[in-house]
Amino acid sequence: GWFCRQFSIALISYLNPILCTSLLILTNAHILWYTFGILFTVAPLFLIVNNLSHPILYRAYFIGSITSAGIALFRYSLHPQLGVYLMGLSVFHITEYLLTALFKENKLSLDSFLLNHSTAYHLALGAGMVEYLIEYVNLGPDKFSYPVISYIGGFLMVAGDFVRKIAIITAAENFDHLVQSEKAPDHKLVTSGIYSLSRHPSYAGWFYWSIGTQLLLCNPFCVVAYAYASWKFFEERIEEEECYLLRFFGSQYRDYKQNVGIGIPGIKGYTISPEFHEFLNQVKNQ
């Protein structure tokens, strides 16, 4: 079927350069063979995928190549922190697409990779790399004089993405990458599992993941910038989303909101006026 084909193309295209890189590393192949090997693995993919599927192939293969570069950087200790960062970044994006394919196939599209998330997102990624390179050129290994910072960043990056992916799996067909302004007939309020600990675990996970990426790279300026930008983004997005959720689920969401926090410091969500509280109580008692 359509879903099986898109999922398989994305997964195979992503794993192709990674398997090639791993094989070359295990056999201690020369870096030139690594380069030629990565390029050569594209050929069989083009033989099994028709033109309509090429956009998926390109994106998944590109993400897999980023993972491969991260593996090589980490393995040869050229820039181990940068290697872990590239691996974490690419895994974040490919799993967004694959989980959408598994649980929300009717919403599956090229946008599900989140590669075109926003201009601000691309600028943030660029800023992180620019700061890393400038500081590494000027400071060298002294940039990582306090390795515990990188360890904390790596932990936040892994844990944050794990929390987000558990949230997507738990919500299943109720999850969406976009804020929904209209309630779907099959939309249910999920309050179990990880949603019993945070009412927006996918946002909380992404928030800590983003900060973790810059702690991992020991980018002091971007740590502050990412924390502020992410906080502002999720404050506004959560307030907007909760306005719709209160409209969809009424007192059910109001009660859930009162008992479960968000997990991002300082973000309270949509503020319910006393009049709206009274209205919800009246509707609930009818």
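1. A quick definition to start: buried means under 20% relative accessible area, exposed means over 50%, and partly exposed is in between (1.4 Å probe, protein chains only). By that scale Lys-107, at 38% relative accessibility, counts as partly exposed. Keep in mind that this is a predicted model: local features need pLDDT of at least 70, side-chain atom pairs count only at pLDDT 80 or more, and totals for chains, interfaces and linings use all residues. Residues are numbered from 1 along each chain as its sequence is written, and side-chain values use heavy atoms, with hydrogens and water left out.

2. Overall fold. The protein chain has eleven helices and zero strands (DSSP runs numbered from the N terminus: helices are H or I with at least four residues, strands are E with at least two). Of its 286 residues, 46% count as buried. Contact here means heavy atoms within 4.5 Å; among contacts with a separation of 6 or more, 75% are between residues 24 or more positions apart.

3. Nonpolar cores. A core is a set of buried Ala, Val, Leu, Ile, Met, Phe, Trp, Tyr and Cys residues joined through side-chain atoms within 4.5 Å. The largest one has 27 residues, and Leu-82, Tyr-85, Trp-206, Trp-209, Phe-234 and Ile-264 touch the most other members. Helix 5 (80–103), helix 6, helix 8 (201–216) and helix 9 (220–249) each supply at least two residues of this core, with helix 8 giving the most, eight residues. Phe-234 touches Tyr-203, Trp-206, Phe-207, Ile-264 and Ile-267, leaving out residues up to four places away in sequence. There is also a second, separate core of 18 residues, which includes Ala-167, Leu-245, Phe-248 and Tyr-256.

4. Salt bridges. The rule is a side-chain nitrogen of Lys or Arg within 4 Å of a carboxyl oxygen of Asp or Glu, and the count comes to eight. Arg-164 and Glu-96 pair at 2.7 Å, N to O. Arg-164 sits in helix 7 and Glu-96 in helix 5, so this bridge ties together parts that are 68 residues apart in sequence. Both ends are buried, Arg-164 at 3% relative accessibility and Glu-96 at 0%.

5. Two more pairs to look at. Lys-107 meets Asp-176 at 2.7 Å, N to O; Lys-107 is in the loop between helix 5 and helix 6, Asp-176 in the loop between helix 7 and helix 8, 69 residues apart. Asp-176 is buried at 19%. Arg-199 meets Glu-242 at 2.5 Å, N to O, linking the loop between helix 7 and helix 8 to helix 9 across 43 residues. Arg-199 is buried at 6%, and Glu-242 at 0%. Shared partners also join Glu-96, Asp-161, Arg-164 and Lys-165 into one network.

6. The Phe-144 loop. Phe-144 is in the loop between helix 6 (119–139) and helix 7, and is buried at 14%. Setting aside neighbours within four places in sequence, Phe-144 contacts Gln-81, Tyr-132, Tyr-136, Ser-150, Leu-216, Leu-217 and Cys-218. Phe-144 and Cys-218 are 74 residues apart in sequence but 6.8 Å apart in space, C-alpha to C-alpha.

7. Cysteines. Cys-218 is buried at 12% and Cys-222 at 6%. A search of the whole structure finds zero disulfides, a disulfide being a pair of cysteine sulfur atoms within 2.5 Å.
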